[in-house]
Amino acid sequence: MRRPEPDPVGIGEESVWAYPRPPRVERVLERVTISLGGVLIADTLDAVRVLETSHPPVYYLPAASFVSGALTPVQGTSRCEFKGEAAYFDVHGGTRSVHRAAWTYPNPTHGFRELKGRVAVYAGDMDACTVGGERVTPQPGRFYGGWITARVRGPFKGEPGSLGW
């Protein structure tokens with residue numbers, strides 16, 4: 001399957017097709033929040049994002065930015081060829097709980113040490129996730145955990161027909 005044609009990019013926008021492979025970790029200079037069950041469960045000015053070709057950014061927040069009781073470790077792991085072995089959490093907020101909706105890299109590989117102690121969530125499982133006050137759109141499909149903002153252009157891995165990209 002050949003690479004898709006990138007969407008046009010305007011001033012202040014970025015294409016996921018300009019992101020690197022292997023991925024890169026980048027500091028976020030905006031407030032990032034997560035709400036679940038009608039309550040704010042995470043709020044930080046200290047997030048990072050991972051940029052990888054064809055994927056919307058995945059945002060990682062310090063574990064300490066989540067309210068007490070919001071994250072419960074669960075069994076099972078997965079492996080990323082770049083970042084290492086991921087561990088998972090159930091996420092709790094208000095009256096809601098979502099199984100395996102967050103993950104972390106307890107011992108990330110050398111190039112991703114900045115992810116240690118940080119947690120990412122599937123935006124589609126939350127009530128809302130925001131970056132700089134903008135509500136994000138979840139990356140299509142559930143395998144990846146990217147967050148789409150108005151300034152990020154695709155097409156995005158996870159959309160129908162993107163399996164072979």
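Trainee: Is S54 buried or exposed?
Mentor: S54 is buried, with a relative accessible area of 6%. Buried means under 20% relative accessible area, exposed over 50%, and partly exposed in between, using a 1.4 Å probe and protein chains only.

Trainee: Where is S54 found?
Mentor: In the loop between β5 and β6. S54 also has a positive phi of about 75°, although S54 is not a glycine. Strands here are DSSP runs of E with at least two residues, and helices are runs of H or I with at least four, numbered from the N terminus.

Trainee: What should I know about the model itself?
Mentor: It is a predicted model, where local features need pLDDT of at least 70, side-chain atom pairs count only at pLDDT 80 or more, and totals for chains, interfaces and linings use all residues. Residues are numbered from 1 along each chain as its sequence is written, and side-chain values use heavy atoms, with hydrogens and water left out.

Trainee: And R100, what is its phi?
Mentor: Positive, about 50°, and R100 is not a glycine. R100 lies in strand β9, residues 96–104, and is partly exposed, at 25% relative accessible area.

Trainee: New topic: which residues are joined by a cis peptide bond to P22?
Mentor: R21 is joined to P22 that way, with omega about 5°. P22 lies in the loop between β1 and β2 (24–27). A cis peptide bond also joins G154 and P155, with omega about 5°, and P155 is in the segment after β15 (152–153).

Trainee: What does S15 touch?
Mentor: P6, V9 and R153, not counting residues up to four places away in sequence; contact means heavy atoms within 4.5 Å. S15 is in strand β1, residues 14–15, and counts as buried at 10% relative accessibility. The side chain of S15 reaches the backbone nitrogen of W17 at 3.0 Å.

Trainee: How much space lies in the largest pocket?
Mentor: About 700 Å³. Of the 31 residues lining that pocket, the closest to its centre are E52, H55, K83, F143 and Y144. On a 1 Å grid over the protein atoms alone, a pocket is an open set of points where a 1.4 Å probe fits, with protein on both sides within 12 Å along at least five of seven lines; lining residues have an atom within 4 Å of a point. The volume is the space filled by probe spheres set on the points.

Trainee: Which element gives the most to the lining?
Mentor: β6, with five residues.

Notes
Polar contact = N/O pair within 3.5 Å; in protein donor to acceptor, adjacent residues only side chain to side chain.
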